[in-house]
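Here are my notes for your first look at this model. Keep the structure open and follow the points in order.

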Amino acid sequence: MRLIDFFDRGVLVEPDRAAFIDENGTISYKEAQIRTHQIANALLSEGIEPGDVVAIYSPNDARTFLCMLGVLRLGAVYLNLNGLSRIEENLYVLKDRGANLLFIHSQFSKYLDVISNGAPDVTRVIGIDEPIQGAPCLADWLLPQPTTFPDAKRNPDDAACLFSTGGTTGRSKAAILTNRVFETMIANANTAMPHESPPVHLVAAPITHAAGLAAMWLFPLAATNVIISRPEPEKVMAAISKYKVTTLFLPPTVIYMMLAHPRLSEFDYSSLDYLIYGAAPMSVDKLKQAMDTFGPVLTQLYGQAEAPMMCTVMSPSEHVRWIETGAQQRLASCGRPCLLTDLAIMDESGNLLGPEERGEIVVRGNLVMAGYYNNSEASASVSTHGWHHTGDIGATDAEGYVYILDRKNDMIISGGFNIYPSEIEQVLWALPEVQDCAVIGAPDEKWGEAVTAVIELVDNAEIDEKAVIAHCKAELGGVKAPKAVFFWDELPRSPVGKVLRRNVRDQFWKNHDRTI
């Protein structure tokens, strides 16, 4: 099946049910379907054809989903730009993926001139919420279009989405996610997390990330997607209570902020079936507190852009079982492989390892991407020995539970976001006081990993932690700026003088238990 077919199943099941609710109102499944037909026709009238890349640059907004679905109905490929990234990053993404048309929200209209000058392939712009610099708004643009679009004859292995990821250098790559990848993700998710009635899904985390993918697997169940602008703790808690939310995804850091919020006990969470977290394990103490507050609903997932969301799962009942039986060490795992995902641990020579043997986590099956867009070298490198290499170092126990122990590369995952040390190091090196530096992720209960800078100063130079952090925030924004800065007399180096980032990292992790 194609990804758009799963949305149409939701229309068939509950045509009058609310598909999307946001601050602008409610859109039913049938109304949304009609608009997606109109968007597909409008795209065709602009010269967009099946297989072309259409970019979407928007905060959380119901109309963003309509654009994505309209692109899919045409048989084109949607590309989400990350609203939290610098414009330079998004400009690179637009150029690298060859986007032909851009849907843009007025929140990002200030970047339109930069995009027009720097991404020449983008020949048409549509304002999502209002006209922007002469570009029509979505509502006016689709209005004259027919309300039916001929069924696109598409292969399950055709691309549906280019999902931006990155490598150890920080340069973004695009994972080609086909209709078959989404079909597998949807089957894995609904097998692992069944619902007895149509769910109510709270879209709080960015649509460009896991929250958007979760909506995709809930469409065939006719889920109502309640969309809020950002995952502010009080907004999340209030929305759960008001809309009787059954399902949502949050990074652990947001759950921690909710647990510490003074109004935590004022809201009703009894409707929840699944409070999904990922990107980092939660501490046992925090899990217990979350389960006491929200109920036995905590659900952990493990995946990555190249194999989205559903590589492994730890169900709510498993969370309860490991606490009640005293097997709390198992809560450090990310669960067991999903039904349609084959997962193993592999050594450097391509040999599969047994329980409690440390190696790289590898996966295979229809959940894995078709490759990286226009990057055959990287595609081949990540697919050796017939498996997709995740870059995560891990092990399994005797019952098949998977433990992520480390990462093969130096990427930092902080608050659910991928952060690349080399980008931050470049900014630090621009400071005249900095002789050399290393940026690593240090263990942190709130963020999973906290971006941490270790600096070797120029002789007799002086600069303090606050100045370094302020400089990085100005250049990179708050997500990527270091949370802490340390000054060392000398950084560890290889025989040829290269800073050994892993050795620096080990100093912060040596007393942190990450074993089975």
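1. Overall size. The radius of gyration is taken over C-alpha atoms, and the globule rule is 2.2 Å times the number of residues to the power 0.38. For 516 residues, a compact globule would have a radius near 24 Å; the chain has 23 Å, so the two agree. Along the principal axes, the C-alpha atoms fill a box of roughly 70 × 55 × 50 Å.

2. Ground rules. This is a predicted model: local features need pLDDT of at least 70, side-chain atom pairs count only at pLDDT 80 or more, and totals for chains, interfaces and linings use all residues. Residues are numbered from 1 along each chain as its sequence is written, and side-chain values use heavy atoms, with hydrogens and water left out.

3. The chain has 16 helices and 24 strands. These are DSSP runs numbered from the N terminus: helices are H or I with at least four residues, strands are E with at least two.

4. The accessible surface comes to about 21300 Å². Carbon and sulfur atoms hold 49% of that surface. Areas come from the Shrake-Rupley method with a 1.4 Å probe; for residues, only the protein chains shown count as cover. Buried residues make up 56% of the 516. Buried means under 20% relative accessible area, exposed over 50%, and partly exposed in between (1.4 Å probe, protein chains only).

5. Contacts along the chain. Contact means heavy atoms within 4.5 Å.

6. A covered helix. How many residues of helix α8 (residues 210-218) are buried? The count is 9 of its 9. Among them are Leu-213, Met-216 and Trp-217.

7. Helices α1 and α3. Helix α1 (residues 3-13) packs against helix α3 (residues 62-74) at about 120°, with the axes 8 Å apart. Axes are lines fitted to C-alpha atoms, for helices over the stretch in contact, and angles run from 0 to 180 degrees between N-to-C directions. From α1, the contact uses Leu-3, Ile-4, Phe-7 and Asp-8; from α3, it uses Leu-69, Leu-72 and Arg-73. By class, 5 of these residues are nonpolar, none polar and 2 charged. Nonpolar covers Ala, Val, Leu, Ile, Met, Phe, Trp, Tyr, Cys and Pro; Asp, Glu, Lys and Arg are charged; the others, Gly among them, are polar.

8. Helices α10 and α11. Helix α10 (residues 252-259) and helix α11 (residues 284-294) pack at about 65°, and their axes lie 11 Å apart. Residues in this contact include Tyr-256 and Leu-259 of α10, and Gln-289 and Phe-294 of α11. The classes are 6 nonpolar, 2 polar and 1 charged.

9. Thr-165. Find this residue in strand β7 (residues 159-166). Is Thr-165 buried or exposed? Thr-165 counts as buried because its relative accessibility is 13%. Leaving out residues up to four places away in sequence, Thr-165 touches Ser-172, Lys-173, Ala-175, Ala-305, Glu-306, Tyr-372 and Tyr-420.

10. Glu-462. Look in the loop between β23 (448-457) and α15 (465-476). At 72% relative accessibility, Glu-462 counts as exposed. Its C-alpha atom is separated by 49 Å from that of Glu-130, 332 residues apart along the chain.

11. Thr-26. This residue sits in strand β2 (residues 25-28). Beyond four places in sequence, Thr-26 touches Ala-18, Phe-20, Ile-21 and Glu-31. Thr-26 and Glu-88 are 35 Å apart, C-alpha to C-alpha, and 62 residues apart in sequence.
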